[in-house]
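Reader: I like to know what stands behind each word in a structural description. Could you take me through some of the terms and show how each one is decided?

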Amino acid sequence: MRYFIHLAYNGTNYCGWQTQPDLPTVQQTLEQALSTLLRQPIAVVGCGRTDTGVHASDFYAHFDALSPISPLSTLIFKLNSFLPDDIAIFNIFPVADNAHARFDATARTYQYHASNRRLPFRQGLYSRIYFEPDMDLMNRGAEILMEYDDFTSFAKLHTQVKTNICHLSHARWEWLNDEWVFTIRSNRFLRNMVRSVTGTLLDVGRGKLTLDGLREIIERKDRCAAGVSMPPQGLFLTKVEYPNELINES
C-alpha cells in the first residue's frame, strides 16, 4: 500500500533532502525512522530535492508498506517521538498505488528571506545582506521574469534535466517583519534556480544591475551571466500543490 507523508523540516543540520553516502539528510533520517518503527525496509520518495541548509515548511513524500498501517495516528505519534526535533510529521494518509509525490505535484512555492538587520531569533532562517535594496525595482524585475519560461541562465550547470522551461505564476517581493521576502511559484524549478534568481534581483535592487540588464541575462541563457546564488539558509519550500482528487488528508 502507498502512503503520503506531509511533513516539515529545518534544513540547518542536513545536507539536503536526498540521501548521500556518510552525510546526514532528511530522506535518510526519515527512512531509518520508518524502517525501525514498521520493522521493514522503507524507501521514501520526496516531492523535491532541497539543497544543503534549505528548509521546508510544506513537504510531501510517499512510501510503500507491505500491509495496511492502522491506526495511522499511532504511527504519526511514534514518528514525531522518534525523529529529531527539526523534522515534524503533520499527517500520513493512503493514496492510490500509482500516486507519486514528485511527478504528481502541479505547483511549488518557495520563499526567500533576507534582511540587513541583526535578527537574533531568526538565526539560520534568513540571509543577512548589508545594503537596503529598492523593493519597487526588484518587483519590476520580478514582473520581467514572469514574461519568460526559459530559465537556463539561473540553472545549475551540468545537471541531467531534459528542459529548462518553467512556467512561473507568481513572483513578488514584500517587506514582512524586518525581512525582505521573495515569493515565487511555478509548475517546476531548476536546481539552484530560486537562489540564483533572488541574488540577481537583489543586484537590481542595489543598483548593480539594470532592468534591461536583467532582461539581457535571461535572454542570453547563460548561467555565467546571472548574479551569485544567495546562501541556502534563507530559502524555504512553503507550498506543494497536487490535484484535489489525489490529496485527501481527512
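**From numbers to names**

Reader: Why is Arg 117 called partly exposed?

Author: Arg 117 has a relative accessible area of 40%. Buried means under 20%, exposed means over 50%, and partly exposed is what lies in between, computed with a 1.4 Å probe and protein chains only. The 40% of Arg 117 falls in that middle range, so the residue is partly exposed. Before we go on, please note that this is a predicted model, in which local features need pLDDT of at least 70 and side-chain atom pairs count only at pLDDT 80 or more, while totals for chains, interfaces and linings use all residues. Residues are numbered from 1 along each chain as its sequence is written, and side-chain values use heavy atoms, with hydrogens and water left out.

Reader: What makes the meeting of Arg 117 and Asp 178 a salt bridge?

Author: A salt bridge needs a side-chain nitrogen of Lys or Arg within 4 Å of a carboxyl oxygen of Asp or Glu. Here the N to O distance is 2.6 Å, so the pair qualifies. Arg 117 sits in the loop between β5 (107-115) and β6 (127-128), Asp 178 in the loop between β7 (168-176) and β8 (179-186), and the two are 61 residues apart. Those labels follow DSSP runs, numbered from the N terminus: helices are H or I with at least four residues, strands are E with at least two. Asp 178, at a relative accessible area of 32%, is partly exposed as well.

Reader: How do you know how many disulfides the structure holds?

Author: The count is 0, where a disulfide is a pair of cysteine sulfur atoms within 2.5 Å. Take Cys 166: the closest cysteine sulfur, in Cys 47, is 16 Å away, which is too far for a bond. For Cys 224 the closest one is in Cys 166, at 19 Å, again too far. Cys 166 is buried, at 0% relative accessibility, while Cys 224 is exposed, at 65%.

Reader: What makes Phe 4 and Phe 93 a tilted pair?

Author: The search of the whole structure finds 12 aromatic pairs. For Phe 4 and Phe 93, the ring centres are 5.9 Å apart and the planes stand at 55 degrees. Rings of Phe, Tyr and Trp (its six-membered ring) pair if their centres lie within 6.5 Å, and planes under 30 degrees apart count as stacked, over 60 as edge-to-face and the rest as tilted. At 55 degrees the pair is neither stacked nor edge-to-face, so tilted is the word. Phe 4 is in strand β1 (residues 2-9) and Phe 93 in strand β4 (residues 87-95), 89 residues apart. Both Phe 4 and Phe 93 are buried.

Reader: And why is the pair of Phe 4 and Tyr 242 called edge-to-face?

Author: Their centres are 5.6 Å apart and their planes meet at 70 degrees, so the pair is edge-to-face. Phe 4 lies in strand β1 and Tyr 242 in the segment after β9, so parts 238 residues apart in sequence are tied together. Tyr 242 is buried, at 10%. One aromatic cluster takes in Phe 4, Tyr 60, Phe 93 and Tyr 242.

Reader: Which residues is His 100 in contact with?

Author: Contact means heavy atoms within 4.5 Å. Leaving aside neighbours within four places in sequence, His 100 is in contact with Phe 4, Val 45, His 62, Ala 105 and Tyr 242. His 100 lies in the loop between β4 and β5 and, at 18% relative accessibility, counts as buried.
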